[in-house]
Amino acid sequence: MGRVYNFSAGPAVLPEEVLKEAAAEMLDYRGCGMSVMEMSHRSSMFQQIIDEAEADFRKVLGVPDNYKVLFMQGGASLQFAMVPLNFMRDGKADYIITGQWAKKACAEAKRFGDAEAIASSADKTFSYIPDVTNLPIREGAKYLYICENNTIYGTKYHTLPDTKGVDLIADQSSCFLSEPVDVSKYAMIYGGVQKNVGPAGLVVAAIREDLIPTDDLPDVPTMLQYKIHADAGSLYNTPNCYAIYICGKVFKWILDMGGLTVMKQRNEEKAALLYDFLDNSKLFKGTVRKEDRSLMNVPFVTGSEELDKKFVAESKAAGLENLKGHRSVGGMRASIYNAMPKAGVEALVSFMEDFEKKNS
Ligand SMILES: *Cc1c(COP(=O)(O)O)cnc(C)c1O
């Protein structure tokens with residue numbers, strides 16, 4: 001069996017070119033006689049891999065010099081704890097709840113102190129982004145936290161909140177490197193890479209240097225202090241070497257494609273194919289308010305659970321995989337990350353047209 005069109009929300013599709021390159025280098029990485037999986041993280045070979053990955057990440061995203069770039073483990077979920085442990089400390093922090101990931105991040109911060117949800121779209125199953133033009137940000141809040149693209153619900157902030165001068169921290173996991181970003185508007189951006197960039201288990205973060213506490217935090221585990229990772233160039237302990245290596249290749253792939261401006265164009269084209277179809281379909285409906293739609297995750301329903309089930313089963317048989325929606329929303333969800341080719345979205349739309357004809 002050949003490769004399918006994989007619409008998984010994560011771990012998700014990666015560029016075929018990258019996978020082929022990694023396959024070719026599997027047994028013997030550039031003449032060193034071993035795989036990247038087998039080499040010491042203290043070797044000059046690996047140092048070159050991580051240095052290049054960081055440099056390329058900085059180039060792709062346009063990370064200013066006064067930001068540290070860190071490669072960390074524990075997935076995006078560990079950042080839910082690390083962010084408040086390092087930045088909220090004994091102060092307070094405000095959160096906007098736009099779905100499960102933001103909710104979990106806020107709940108985690110509450111374990112450590114005064115974190116509060118100051119806006120939410122829970123009232124309509126997170127199908128929209130709340131008005132963020134005049135938020136009740138609390139005096140003295142250390143940061144405002146957002147989940148910029150909501151993987152499960154398919155919403156995205158198309159305008160950043162007015163933070164009223166407070167530092168902005170964003171979980172960009174599912175829109176990571178999908179379009180140009182003005183990093184200077186954020187105090188910290190991070191992403192679990194398995195949505196758009198690489199294998200699961202690795203997080204890449206860009207953090208404004210002045211934000212990182214300069215002293216040891218005696219109450220915070222060593223591994224959870226940003227300073228430890230920053231001072232050690234992300235090599236305090238053995239990092240997720242292989243994931244860093246694959247991400248490095250994906251950064252180069254993005255640069256070769258023309259960078260984030262081209263990524264955005266491609267992503268807009270793909271998303272438009274699907275959203276235009278949904279807007280004109282009599283059977284399928286998108287579930288998100290139009291102005292808040294994500295370019296990456298597109299949830300949709302038929303209105304009948306039975307038909308949804310049939311759709312998921314039949315689409316799978318046709319080589320369109322992982323279209324089942326998240327269990328909290330039901331229906332279907334197509335994740336169309338950077339590496340999903342336009343042909344994949346065309347195949348999906350054509351399958352949907354066909355399904356609609358046969359089932360209405
Ligand atoms: C998937 C996801 C997470 C969780 O990532 P893990 O690496 O599994 O911890 C967090 N935030 C967003 C936006 C996600 O899409």
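How far is an oxygen atom of the ligand from an N or O atom in the side chain of Thr151? I looked this up before anything else. The separation is 2.4 Å, a polar contact in the sense of a pair of N or O atoms within 3.5 Å (within protein, one must be able to donate a hydrogen and the other to accept it, and residues adjacent in sequence count only if both atoms are side-chain atoms).

Basis of the entries. I note that the model is predicted, that local features need pLDDT of at least 70 and side-chain atom pairs pLDDT 80 or more, while totals for chains, interfaces and linings use all residues. Residues are numbered from 1 along each chain as its sequence is written, and side-chain values use heavy atoms, without hydrogens and water.

I then turned to Lys195, where a side-chain N or O atom lies 2.5 Å from an oxygen atom of the ligand. At Ala76 I found a backbone N or O atom 3.1 Å from an oxygen atom of the ligand. On its own the ligand has 390 Å² of accessible area, and the protein covers 87% of this; such areas come from the Shrake-Rupley method with a 1.4 Å probe.

I recorded 13 residues around the ligand, of which Ser77, Thr151, Asp171, Gln194 and Lys195 come nearest; a residue counts as near if one of its heavy atoms lies within 4 Å. The shell comprises 4 nonpolar, 7 polar and 2 charged residues. In this division Ala, Val, Leu, Ile, Met, Phe, Trp, Tyr, Cys and Pro are nonpolar, Asp, Glu, Lys and Arg charged, and the others, Gly among them, polar. Helix α3 (residues 75-88) gives the most to the shell, with 4 residues; helices (H or I, at least four residues) and strands (E, at least two) are DSSP runs numbered from the N terminus.

Entry on a helix pair. I examined α7 (residues 259-280) and α9 (residues 342-358), which pack at about 10 degrees with axes 9 Å apart. The axes are lines fitted to C-alpha atoms over the stretch in contact, with angles from 0 to 180 degrees between N-to-C directions. The two helices are therefore roughly parallel, a term for angles under 35 degrees.

Entry on the backbone. I found a cis peptide bond from Gly10 to Pro11, with omega near -10 degrees. Pro11 sits in the loop between β1 (5-6) and α1 (16-24). Arg30, a residue other than glycine, has a positive phi near 45 degrees.

Note on methods:
Angles under 35 degrees count as roughly parallel, over 145 as roughly antiparallel, 65 to 115 as roughly perpendicular and the rest as oblique.
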